[in-house]
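Subject: Structure for you to look at

Hello,

Here is the structure I promised to pass on. Please open it and keep it beside this email as you read.

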Amino acid sequence: MAIILNTLISLSLLGVVLAIILYFVAQKFKVYEDPRIDEVEEFTPGANCGGCGYPGCRGFAEACVKAETLDGIFCPAGGNEVMQNIAKVLGMTAAEKEPQIAVVRCNGSHEKREKTNIYDGPKSCAIESSLYTGDTACSYGCLGQGDCVEVCLFDAIYIDEESGLPLVDEEKCTACGACVKICPRSIIELRDKGKKNRRVYVSCMNKDKGAEARKICSVACIGCGKCIKACPFEAITLNNFIAYIDYEKCKLCRKCAQECPTGAILEINFPPRKEKEAIKEQETTEVDK
Amino acid sequence: MLKTFPKGGVHPNENKFSTGKPIERIDLPKQVYIPVAQHIGAPAEPIVVKGDMVKTGQLIAKSSGFVSANIHSSVSGKVVKIDKVSDSTGYKQTCIIIDVEGDEWIETIDRSETINDKIDNLTGEQIRNKIAESGIVGSGGATFPTHVKLSIPLGKTCEYLIINAVECEPYLTSDHQLMLEKAEEILIGCKLAQKVVGAKKILIGIENNKPDAISNMKTMAQKYKDIEVHALKVKYPQGAEKQLIKALTNREVPSGKLPIEVNCVVQNIGTTFAIYEAIQKNKPLFERVVSVTGKSISRPTNIMARIGTPINMLIEAVGGLPQDTGKIINGGPMMGKALNTVEVPVTKGTSGIVIIPEKYSTRPKSYNCIRCARCISVCPMGLEPYLLKNMSIVKMYEEMHKERALDCMECGSCSYTCPASIPLLDYIRLGKANINKILRSQKS
């Protein structure tokens, strides 16, 4: 009996003494952390996507707290809402940013861009593009192996089986930019979502001369410059035989898309155009004749 | 016991169909495409313009730095344009396009067949400058400018000049045939290279599957006291620099260092022939031997082709492309690359064109790794390919670098031997590219 009693007493004493020591040690070596970091982190999406440029959401929260203004700091995954919340916590103001979305600037689907060979290597765009130009003759376009799909943390991009091209899910895409960074051909770009989610952009990156590009792919930008003349807002520039529409200047008038002879300019989420349909129908009937 | 390197290696089927086929010449093409970047290093700068008339052997693009090489016209005719043309990978590259008119060589080239073995009148420095002038690059396939390789850094000495006549790649026979036909010239070329680097001895390594070449080289080399011809056990990749040094001298080049660290300089046998022609015959490098071979083609052979000849002309010369062709490989089947189109030109590094029937051309489906460690046992550099591949997939490039990924010379033994057909090399190559990118960004 005495043995049990002694054990109990000595162990409890030991526990108390050690607890006191631990308490003082913890006080002595305490690392002060701004409590606001936790508060800010609460508001972040917690996806750790790295789109902000900081290592994860915690790193982003630390950076927000440390920074004097929120200029240049933005959480693309959370968007304006998250930034406003963070600004409230920190007593700062966050500038509103236009919501953005990733767009794939290649429209060379299986039928529009013929395959010239068979690629049977590992399923990776990075590997395929380091070996050669890929299974089509176009050395600028999408390879369709899905490196962008793999890297997306939000399941917002997937390869469309019919066309072999990646499609972006507008609701899921947070414009974190992971796919932009991973694409070895640099064909993915972040663009403003636009009014009513409407966008107009050149869906081609082929820098070959017009005739060559046309031979490889029927929807290639051939650098003819017709869109530049058609644009009333000077939003289009032409470099290396590809036109580029500046989304900040574009007013979504769609005149360029109408002019484009190859259909390289895509218009997204617009109501169907009546005249164009009619013209197209005319053309097809003519061809049929 | 024949010499060889101790670690790893594989023995693929040799399939040397073009063995013993004399080197033939084919008709000149109507048009040649001469790329300005046929070597490792800075691309050469064109010095001709559209409309210029050039002669065979004339300098048309000048080297643009120390690690770069001159390019000479391989035909006579008119420069039609200088434009971007797809190369063997399909990517565009600047090419000088020449319409062929006749075959008029520049006067300084000695076109006689006589063998000139007088090498005493030149100093090493003069020989090296002449090599640089003649645009010679390593003809084994890596195309490193030869004058750079023959420059010994200060404080280092060269003891052995090692001549790589291993030709360990299956199918290829261009070096083999060169040794049978041009042994004397090759040996003079070796002596010239020896003079540049000041080596005490020349070691020529030949794999034992070429007995006729070994005996031919041995008899020819009797004239010279300091040339030794060694027969080596047949094992791939013996033609790799570090493996050949280990096999011949039993010295190990430290990781990340050059052969000069163990007092060796390695040259390809084709390069030594080019050196002979450049110094003794004044002929710059504008043609080379290419093996055009394959199981399915009717007449596999070795062709002396002008640089810039479209590859489809070589294939026409051996009886055309068979119906069932699945892949055309530029180089050997182990390290070569499949061609996208046959419209691409022969370059200084084209050692062979291998035509593979469709049946054998596709990769088998790959399965999961079962940790059998065969890739480890065949890796000649003692790496762990399965580990490097996994690291590459999860982007652990720094750890990959610590595992000496940059020592990998991409011989492909791991992918070749993998029972689950995992494309190990492709992933390792990707990892290496990313490591190099990281290292470059750290430097700047």
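Chain B has an average pLDDT of 92, and 100% of its residues score at least 70. Where pLDDT is low, predicted coordinates should not be read in detail.

Now the contact between the chains. Chain A brings twelve residues to it, and chain B brings 14. On the chain B side, helix 14 (residues 424–443) gives the most, with five residues. That side of chain B has five nonpolar, four polar and five charged residues.

Next, the sheets. Strands of a sheet pair through backbone hydrogen bonds, either parallel or antiparallel.

One open sheet in chain B has three strands in the order 3-5-6, paired antiparallel. Which strands stand at its edges? They are strand 3 (45–46) and strand 6 (71–72) of chain B. Each has a single partner strand, so one side of each is left without a neighbour in the sheet. Two bridges join strand 5 (residues 59–62) of chain B to strand 6 of chain B. Look for B:Leu59, whose bridge partner in strand 6 is B:His72.

Another open sheet in chain B has four strands, in the order 2-8-7-4, again with antiparallel pairing. Its edges are strand 2 (31–35) and strand 4 (53–54) of chain B, each with a single partner strand. Strand 4 of chain B pairs with strand 7 (residues 77–86) of chain B over two bridges. There, B:Met53 stands opposite B:Lys78 in strand 7.

Best wishes

Technical notes:
Residues are numbered from 1 along each chain as its sequence is written. Chains are lettered from A and ligands numbered from 1 in the order in which they are written. This is a predicted model: local features need pLDDT of at least 70, side-chain atom pairs count only at pLDDT 80 or more; totals for chains, interfaces and linings use all residues. Two residues are in contact if their C-beta atoms, placed from the backbone, lie within 7 Å. Ala, Val, Leu, Ile, Met, Phe, Trp, Tyr, Cys and Pro count as nonpolar, Asp, Glu, Lys and Arg as charged, and the others, Gly among them, as polar. pLDDT is the predictor's confidence in each residue, from 0 to 100. Two strands pair if DSSP finds at least two bridges between them.
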